[in-house]
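User: I have a model open here and want to go through it with you. Can we take it piece by piece?

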Amino acid sequence: MILVVLSVVVIALLIAVLAIFFYALSRQLNRIADNLDDSLHSVKEIDRQAKVIGPGVTRLNRTGEELASAVSLLIEGAERLVAAKSATPEPSQHVGYMDLETPEPVPQYAHPADGAVGVGYLDT
């Protein structure tokens, strides 16, 4: 008789644990379903907003391709211009960056400590 009562108690506990487990599982699945529903609405909204951008992106890509094909023509034109400029240099024109103008002389200041003449404040 005791075994029958213990068996019934164990079966009742098993059913109670399974009921609690399935309740918690259903709550989690409902929460996941709600999150997926929110995600679906977000994706639909993104899709609706992105449809407006599509034709503009196509036009930008076409313009980019035209510009990319024009770059080679611009490079060729620049090379011809440089070749023409370097073939006939003007007599007053110089090539080096130091040949542009003569720099102004640097003022000489007396060092206050020993009277030595220097250029910068760190000169000794």
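Predicted model: local features only at pLDDT ≥ 70, side-chain atom pairs only at ≥ 80, totals over all residues.

**Charged pairs, then the rest**

User: Start with Asp47: what does its relative accessibility make it?
Analyst: Asp47 has 42% relative accessibility and so counts as partly exposed. Buried means under 20% relative accessible area, exposed over 50%, and partly exposed in between, with a 1.4 Å probe and protein chains only.

User: Which residue does Asp47 form a salt bridge with?
Analyst: Lys51; the closest N and O atoms of the two are 3.8 Å apart. A salt bridge here is a side-chain nitrogen of Lys or Arg within 4 Å of a carboxyl oxygen of Asp or Glu. Lys51 is exposed, at 59% relative accessible area.

User: Why are Lys51 and Asp47 separated by about one helical turn?
Analyst: Because they are four residues apart in helix α1. Helices are DSSP runs of H or I with at least four residues, strands are runs of E with at least two, and both are numbered from the N terminus.

User: How many salt bridges does the structure hold?
Analyst: Two. Arg48 also forms one with Glu45, where the closest N and O atoms are 2.4 Å apart. Arg48 and Glu45 are three residues apart in helix α1, so about one helical turn separates them. Glu45 is partly exposed, with a relative accessible area of 34%.

User: New topic. Which residues make the nonpolar surface patch?
Analyst: Leu14, Leu18, Phe21, Phe22, Leu25, Leu29, Ile32 and Leu36 make a patch of about 780 Å². Patches take residues with over 30% relative accessible area and no salt bridge; like charges are joined within 9 Å, and nonpolar side chains (Val, Leu, Ile, Met, Phe, Trp, Tyr) within 5 Å.

User: And where is Phe22 found?
Analyst: In helix α1, residues 2-87. Phe22 is partly exposed, at 48% relative accessibility.

User: What is the order of elements in the chain?
Analyst: From the N terminus, α-β-β. Of the 124 residues, 1% count as buried.

User: Where is confidence lowest, and where highest?
Analyst: Lowest in strand β2 (residues 117-118), with a mean of 52, and highest in α1, at 91. The chain has a mean pLDDT of 80, the predictor's confidence in each residue from 0 to 100.

Technical notes:
Residues numbered from 1 in each chain as written. Heavy atoms only, no water. Areas by Shrake-Rupley, 256 points an atom, 1.4 Å probe, with all protein chains shown as cover.
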